[in-house]
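Reader: I have the sequence and the coordinates open, and I would like to go through them with you piece by piece. Could you start with the place where the chains meet?

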Amino acid sequence: MSEPTEPPWTAEQVQGLAPDAASFAAARKLAGKSGWSSTGTGGSPSGLWGLCQGSGSTPYQICVDLAEPAYRCSCPSRKFPCKHALALLLRWSAGQVAAEEPPLWMTEWTTSREARATKKAEQAAAPRTEAQEKAAQRRADKRAESVAAGIAELRTWLSDQVRHGIAGLDQAGYRPFEQVAARLVDAQAPGLAAAVRRLAPVPSSGTGWEQRLLAELSLLHLLSGAAANPDALPDDLAATVSSRVGHAVTTEQVLAGPPVRDRWQVVGTRDDTEDKLTSRRVWLRGRDTGRAALILSFAMPGQALPVDLVLGTELDADLTYYPGAAPLRALVAARHGTPRACPVPGPAQTVAQALDEVSAALAGDPWLFQWPVLLRGVLAPGSPWHLVDPDGDALPLDPALGEPWRLAAVAGGHEITLAAEWGPAGLRPLAVYDGTEVARA
Amino acid sequence: MSTSIWSDLMSSALVGTDRRRLVLPGTDGPLAAVLSPLGTELDPDGLLSAAAAVTVARRAGQAAARPQRPEAAPAETLPYAPAAAQQRLAALLSGGDAELDRSTNRELAGEWLRVAAGRGLLAGPAILVALLDLGSSDSSVRATVRAVGGTRLGWLALQGPGRWAWAVQQEETAQPSDWDTGRLADRVRYLGELRARDAAAGRDLLLAAWPQEKASDLAALLAACDAGLGPDDEPWLEKALDDRRAQVREVAARLLGALPGSAYRQRMADRALACVHVAARRLVATPPTECDDAMRRDGITSKAQQGTGERTQWLRQIIEYAPLDCWTAYDETPAGLLSRKFDDTWGAVFRAGLVRAAITQRDSAWAAVLIHDGLGLRDMNELRELAAIMPEPDLAELIAAQLRRKVDAAVRLLDVLPQPWTPPVAEAVLECLADDERRRSGWWQLLRHAEWGFDPAYAPRARALHDSVPIPDQQLLGRFTTMLQIRHDIHQELA
C-alpha cells in the first residue's frame, strides 16, 4: 500500500473545494508553514491525513477521503472543508505528502464512515412493508394530483398572457413570474417553477424581448401540455417531460442504465447560483463516440462542489445517461484509470455537423437550450461575433456576453478549437484550445 | 414562410387575442402538418401551440452564417516570458496577493512590465486585454505595455474599442501632417525632431508660422528649438527678443542663454557683475534701480511677484539668467565664491539667485556645492531640484553620507535618486535600519522609498535584517521585506 493511489489534484482543483476565497487564502498560508506532522496518503478508499499544530496544545487531526471527497478535522471551525483540510490537500498537491500506512485515528474514521454507509444502504435496500408500500403510493398519488393542479394553473396563466397581450410585461417587473413560480413550487413542480423564473429577466433584456418571451411562453405551453397528458407520449419523451417538470430520478435508476464507455473530455465547466443553490455544469464530449454529456452537481451555501472533473483533461470512464429523448445529463458510473491532460480535443465539428447534432437533439427534446459543441475555426469580429469554420460556415456568439476580446487575443485571428455551449441566442464559449494549452474562455 | 407566420403570431400576442383575432394563412411544407390541425382562427392556446412549433422549427433549422474571415495577427519576433512569470503578471493585474493593496499590485505589475521590456520578453495573449485596460487608465505604463504586448497587442487594439487606440503601432517618427493638423504636443514633437535633423529647416518652418501663432503656442514651439541649437540661431533669436509678447521673449532669452558665446550671455554677465562687487573680501550686491527697456528685451520680468519687492525680483532674475561662469571674475571656483561672506541686505537674494541659476542652467558642479552649503537650511523643493541635476554617483555619495548623519533630511532627497540605488546608498540604508537608535526617525518614509529603491538582489539581506530585529520592529519591516521578495521573484521568474 505504499503506492500513491491517485495522482494528486492540482492547486486549482483544491481551490475549487474551498467554501470561500478567505479560506483558501488562509490555507495557502498554512500549507507553507511548519507545524505539520504525521502526514500521509494511502489506504482504501484512498485517504489523506495529517496533524497540524494550531493555537491549542494538541495538534488538529485532519482526515480526508479523496474518493468522495469527505473531510474531518478536529478544529472548531465551522467552515467546511476547513483551512486545515485545504492546506493538507495543497501540501499533497505540491507533492509534500508521502504514501504511508494510515494511522489508527484515520482507519477508525474510515471504518465508521463505511459502517454508516452500509447501514444506509441496508435501510434503502430493505424490502418495504405493505404499510410502507401503501404510504408511498398515497404520497405519489397526492403529488401527481398536486402537480396536475399546478400545471392546469400554469396553462391558464399562459393563455391569459396571450389573451390580454404581452406588450405590458416589461413594466411589470419580476413579480408576476415570481408568483406563478412560487405556486409551482408549492405544487411540487420545481422544474416548471425554474423555467418560469428564467422568464422573469426576459422583458428587461432589451430590443426583441417580445420575440424571446413569446418563444419561451410557447415552449412552456408545449411542455405543460405534454406534462398534462404523459400517457400519450412515447417513453423517452415522457421521461424528458417528467425531468423538465421536476420529477427526480434516483441515482440508482440512472446507474442501472446502459453504460457508455469512452475517453470523456472535459471541455467546459460553468457555475451558476440560483436561489442560493450553486450548480456546476461540467460538459463532456466523448473522443470515440463523439457524444455529448453533462454532469450536473449542486451545492448549498458553504458546501463545496465536486472537483473531480477538470477542464482540459480526459477520463476513460463509463457514463450512464439520465433517461430521456435527447440524453445529455449523465453520471460517471465507473472510472477506468486516471484522468489525463488533453490539449488537443476531438473530434472537432464543422458548423454544419454541430447544427445537425443540435437539430437532432432538439427533435428529441424541443426544450433544450444548452448543448456542448466543439468547433474548429477562426473568430471573426462583428456584431455579433462569429466563429467561422474552414468551410466558411459560421455560428454567432451570444451578444449578451459582450465582446469576446480575451478570446480574440488568445486566438489572434488564427484557427482555434472552441468548446462552447450552443444556445438559441448564440454560442457561449467555454474553453479555447490553441494546440498546446487550454484556456477558460 | 415561418417568418411571416411568426410576425402574425407576434402581433396578436403583443396586444392580446382579445383585441386582435388571429387567422392563420394556409401553409405548406413541414410546418403545415403541425399547424393545420389547429384550425384557421386561433384561440390563445392555439396561438401558443403554433408559436411553439415555429420556435422549435427555427431553432432546429438554424442556418450557418457566412461572414468575412478576419486578418490573422502577424507572428511575434520576440519570445514569450516563462509560464511562472505570466501567471505572476495575471495575478498582479487581477488584484493579486491579498496582503497587498490594489495600487501596490499595480506598481508591481509596472515593475514586471519594465523588467520584461528590458529583457525583450512578451506577455502572453491571454493577458493582453488586462494590459490594454491598464494602459487605458494609466498612461505612464503605455510604453512598457507596447513593448511587452508584441505585434498582437497592436493587432488587437486596431480592432478594439477606441480607448485602446494608444496601443495601435504608431509611426516611429512624427509626420509632417502632425505640424499642420496635430495637437500642440504633436506639433512640438514634430518640430523638435525636425530641428534635431535639420535645424535650419525647423527654424524656417517656425518663422513661416510665426505671425499666426498665439503667444502660448509660440512659446511652446520656440522652446522645442532647444533641439539642434547652434550659433546660426543667434540672429533670429535676437530678433525674437523684439517680439511684443513677454512669454515669447522669455523663451528666446532662455535659448540665447544656453548658446555659448552669444551676445545675450555677455549682456547678462555684464549686468550681473555690475550688480555685485567685492568690498573688503565681502560680496556686496546692489540691485538695479529701474528695469529699463534693454532688460525687458532680455526677458527680465519687470512686474514683481506678490510678496516680493521689485528690486529683489530684478536682482534674482539677473543672477538666475547670467551665465554662471561669469563669477570666475571674482573667484576661481563655486566653492570659493560661496565661502565668502555676503552682505546682509541683498546677500540672501544673491544666493537664492545662484540656486535658481544652477537649476535653470543645469550646472551640476554648482548644484553639488550649493547642496552641501544649504542642506538642512533651505526650502526642500529647491534642494530636490538641485539634487536632480547632480551626477548620480555624487548624489548617491551625498545621500549616503547624510543618512549616517540625519535620516529625515536625507529621506527627502531619495526620490530624486535614480533607481535601483547604488550599493553605497543601499548599504547606508541597511546600516541605518539595523541601528536601534537611528532607525526610529523617519523610518516609515525611508522604508517606503526603499521598497522600490533597493535592487531586488538585496531581498535575502533584507530578510536577514528582518529576522534579527526585535519582534515589534519586525512588523514595521514586514512590508519592505515582502515587497523586496516579490520584486526579487519577479526578476527571477523573468530570467
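Author: Gladly, with the caution that this is a predicted model. On the question of where the chains meet, 46 residues of chain A are in contact with 41 residues of chain B.

Reader: Which elements of chain A each supply at least two residues of that side?

Author: On the side of chain A that touches chain B, the helices that each supply at least two residues are α5 (130-164), α8 (209-228), α11 (351-364) and α12 (405-411), and the strands are β11 (371-380), β12 (386-388) and β13 (394-396), again of chain A. The most is given by α8(A), with nine residues.

Reader: And how do the residues of that side divide by class?

Author: The side of chain A that touches chain B has 29 nonpolar residues, 13 polar ones and four charged ones.

Reader: Let me step back to chain A as a whole. How many helices and strands does chain A have?

Author: The secondary structure of chain A comes to twelve helices and 16 strands. The radius of gyration of chain A is 25 Å, close to the 22 Å that the globule rule gives for 441 residues, so chain A is as compact as a globular protein of that length. Along the principal axes, the C-alpha atoms of chain A fill a box of roughly 70 × 65 × 45 Å.

Reader: What share of chain A counts as buried?

Author: Of the 441 residues of chain A, 38% count as buried. As for contacts in chain A between residues at least 6 apart in sequence, 62% of them join residues at least 24 apart.

Reader: What does the domain assignment of chain A give?

Author: For chain A the assignment gives domain 1 (11-124), domain 2 (133-245), domain 3 (251-341) and domain 4 (351-440). The centres of domain 3 and domain 4 of chain A, taken over C-alpha atoms, are separated by 21 Å, and eleven residues of domain 3 of chain A are in contact with twelve residues of domain 4 of chain A.

Reader: Which strands supply the domain 3 side there?

Author: Both β5 (260-274) and β6 (277-286) of chain A supply at least two residues each to the side of domain 3 of chain A that touches domain 4 of chain A, and the largest share, three residues, comes from β5(A). By class, that side of domain 3 of chain A has six nonpolar, three polar and two charged residues.

Reader: Changing topic, what is the order of the four-stranded open sheet in chain A?

Author: The order is β1-β2-β3-β4 of chain A, with antiparallel pairing. The edge strands, each of which pairs on one side only, are β1 (36-42) and β4 (70-73) of chain A, and from one strand to the next the twist averages 10°.

Reader: How does β3(A) connect to β4(A)?

Author: A hairpin joins β3(A) to β4(A) through four residues. Strand β3 (residues 60-65) of chain A and β4(A) run antiparallel and are joined by four bridges. Within that pair, C63(A) stands opposite R72(A), while I62(A) stands opposite C73(A).

Reader: Which residues of β4(A) are on the covered face, and which on the uncovered one?

Author: The covered face of β4(A) has Y71(A) and C73(A), whereas the uncovered one has A70(A) and R72(A). In a regular strand the side chains alternate between the two faces of the sheet.

Reader: And which helices lie across those strands?

Author: Helix α3 (residues 83-93) of chain A lies across β1, β2 (47-52), β3 and β4 of chain A, running at about 65° to β3(A). Helix α4 (residues 104-125) of chain A lies across β2, β3 and β4 of chain A, and runs at about 45° to β3(A).

Reader: What does A441(A) touch, leaving aside residues up to four places away in sequence?

Author: With those left out, A441(A) touches L407(A), P429(A), L430(A), A431(A) and V432(A). The C-alpha atoms of A441(A) and A411(A) are separated by 11 Å, the two residues being 30 residues apart along the chain.

Technical notes: Residues numbered from 1 in each chain as written. Chains lettered and ligands numbered in written order. Predicted model: local features only at pLDDT ≥ 70, side-chain atom pairs only at ≥ 80, totals over all residues. Contact = placed C-beta atoms within 7 Å. Nonpolar A, V, L, I, M, F, W, Y, C, P; charged D, E, K, R; others polar. Pairing = 2+ DSSP bridges. Axes fitted to C-alpha atoms, helices over the stretch in contact; angles between N-to-C directions. Buried ≥ 20, exposed ≤ 12 C-beta atoms within 10 Å, placed from the backbone. Rg over C-alpha atoms; globule rule 2.2 N^0.38 Å. Domains from an automatic or database assignment.
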